[in-house]
Amino acid sequence: MIIRTENLSLRAVQAFLSWSHSQVKASFIFIAQHIENSVHQLILNRPDILVLRESERERIEQLVTRRLNGESLKSRKQDRMIVSSPVMLKKSVMAESSPTGAWVQFLREGHMVDFSQGGAQISLGQEPVQKKDFISLMYKNQHGVWVSVESQVRWVACSPEGEQIIGVQFLAVSA
């Protein structure tokens with residue numbers, strides 16, 4: 001069953017799952033603009049559920065076809081781990097009001113939601129970050145040491161609460 005919705009909540013996914021257990025065994029493909037973080041935790045290791053972001057438009061047809069043909073959908077080189085960690089983002093931008101056209105940096109706080117060796121998902125509040133922006137991301141590793149990672153924003157979405165959610169790809173790491 002393919003379900004397209006604007007907002008995908010944990011409650012909605014649980015409702016479909018309970019319906020499928022009481023009626024007919026079914027598999028679900030959810031396509032949504034906004035996905036609650038708790039949904040990702042629920043679907044870990046569930047081959048009967050596929051959740052796709054509307055922002056993955058270019059790949060949705062390919063992923064759905066692969067799922068329907070029983071093929072593996074694993075496209076990440078590294079598995080992502082669910083985390084909950086504060087982060088700081090630094091981005092250099094051209095100051096429009098600067099008479100010299102100087103570059104300035106803005107510093108924003110965010111929250112890392114998931115993490116892998118190659119990238120992370122970060123919730124930023126209502127801070128303006130664009131796809132393809134280069135940013136420096138600072139976070140504390142599992143040993144409590146601050147790590148700085150040069151990154152590029154690969155996708156941008158908005159939560160139902162109006163928070164900006166971004167996916168970043170790590171480019172270079174320094175301690």
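Q: How many salt bridges does the rule give?
A: The count is one salt bridge, a salt bridge being a side-chain nitrogen of Lys or Arg within 4 Å of a carboxyl oxygen of Asp or Glu. This is a predicted model, in which local features need pLDDT of at least 70 and side-chain atom pairs count only at pLDDT 80 or more, while totals for chains, interfaces and linings use all residues. Residues are numbered from 1 along each chain as its sequence is written, and side-chain values use heavy atoms, with hydrogens and water left out.

Q: What makes E54 and R4 a salt bridge?
A: The closest N and O atoms of E54 and R4 are 3.1 Å apart, and the limit is 4 Å, so the pair qualifies. E54 lies in the loop between β3 (49-53) and α3 (57-68), and R4 in strand β1 (residues 2-8); the two are 50 residues apart. Side chains of opposite charge can pair when their charged atoms come close.

Q: Why is E54 called buried?
A: Buried means under 20% relative accessible area, exposed over 50%, and partly exposed in between, with a 1.4 Å probe and protein chains only. E54 has 14% relative accessibility, so E54 counts as buried.

Q: Why is R4 called partly exposed?
A: The relative accessible area of R4 is 46%. That value falls between the 20% and 50% cut-offs, so R4 is partly exposed.

Q: Why is the pair of F28 and F30 called stacked?
A: Rings of Phe, Tyr and Trp (its six-membered ring) pair if their centres lie within 6.5 Å; planes under 30 degrees apart count as stacked, over 60 as edge-to-face and the rest as tilted. The structure holds five aromatic pairs. In the pair of F28 and F30 the centres are 5.8 Å apart and the planes stand at 20 degrees, so the pair is stacked. F16, F28 and F30 form one aromatic cluster.

Q: How do you know whether F28 and F30 are buried or exposed?
A: F28 has a relative accessible area of 0% and F30 has 1% relative accessibility. Both values are under 20%, so F28 and F30 are buried. Buried residues make up 38% of the 175 residues in the protein.

Q: Where in the protein is confidence highest, and where lowest?
A: By pLDDT, the predictor's confidence in each residue from 0 to 100, β1 is highest at a mean of 88 and helix α2 (residues 37-43) lowest at 72. The protein averages 77, and 79% of the residues score at least 70.

Definitions and conventions:
Helix = DSSP H or I, 4+ residues; strand = E, 2+ residues; numbered from the N terminus.
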